[in-house]
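Reader: I've got a model open and I'd like to work through it bit by bit. Can we go over a few questions together?

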Amino acid sequence: RDGNRPALSTSYDGLEESLALVRTTCQSQGPFDGVLGFSQGATLAALLCLTTDLFQFAVLFAGYVPRDATVLAALDAGAPCRLPSFHCFGAT
């Protein structure tokens with residue numbers, strides 16, 4: 001992993017486990033109408049929205065384009081997303 005900041009990493013340890021946990025949680029405790037994500041969570045939520053039908057909408061704050069080639073390919077494969085979404089970006 002490159003540094004301690006996920007936005008700068010070129011690979012994500014535990015991504016498949018995280019995706020599986022969210023899917024399992026949604027199946028066992030859902031259904032959920034939508035998903036809200038911030039930063040790394042916004043990127044994860046976007047990936048889930050493009051690869052599953054778990055949610056009807058997404059609210060994403062300060063997400064970023066992943067540097068992991070596999071994750072980026074999965075996002076690109078699911079695009080364009082037809083799910084209603086709100087994206088909030090800002091400058092620091």
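This is a predicted model: local features need pLDDT of at least 70, side-chain atom pairs count only at pLDDT 80 or more; totals for chains, interfaces and linings use all residues.

Reader: What kind of aromatic pair do F61 and F86 form?
Author: The count for this model is one aromatic pair. The ring centres of F61 and F86 are 6.0 Å apart, with 65° between the planes. Planes over 60 degrees apart fall in the edge-to-face class, so this pair is edge-to-face.

Reader: How many residues apart in sequence are the parts that this pair ties together?
Author: F61 belongs to strand β2, residues 57-61. F86 sits in strand β3, residues 85-88. So the pair links parts whose separation in sequence is 25 residues.

Reader: On to the helices: how is α1 oriented relative to α2?
Author: Helix α1 covers residues 15-29 and helix α2 residues 40-51. They pack with axes 11 Å apart, at an angle of about 65°. That makes the two helices roughly perpendicular.

Reader: Which residues of α2 meet α1, and how many in the contact are nonpolar?
Author: From α1 come L15, L19, V22 and R23. Facing them in α2 are L44, L47, L48 and T51. Sorting the contact residues gives one charged, one polar and six nonpolar.

Note on methods
Residues are numbered from 1 along each chain as its sequence is written. Side-chain values use heavy atoms; hydrogens and water are left out. Rings of Phe, Tyr and Trp (its six-membered ring) pair if their centres lie within 6.5 Å; planes under 30 degrees apart count as stacked, over 60 as edge-to-face and the rest as tilted. Helices (H or I, at least four residues) and strands (E, at least two) are DSSP runs, numbered from the N terminus. Axes are lines fitted to C-alpha atoms, for helices over the stretch in contact, and angles run from 0 to 180 degrees between N-to-C directions. Angles under 35 degrees count as roughly parallel, over 145 as roughly antiparallel, 65 to 115 as roughly perpendicular and the rest as oblique. Contact means heavy atoms within 4.5 Å. Ala, Val, Leu, Ile, Met, Phe, Trp, Tyr, Cys and Pro count as nonpolar, Asp, Glu, Lys and Arg as charged, and the others, Gly among them, as polar.
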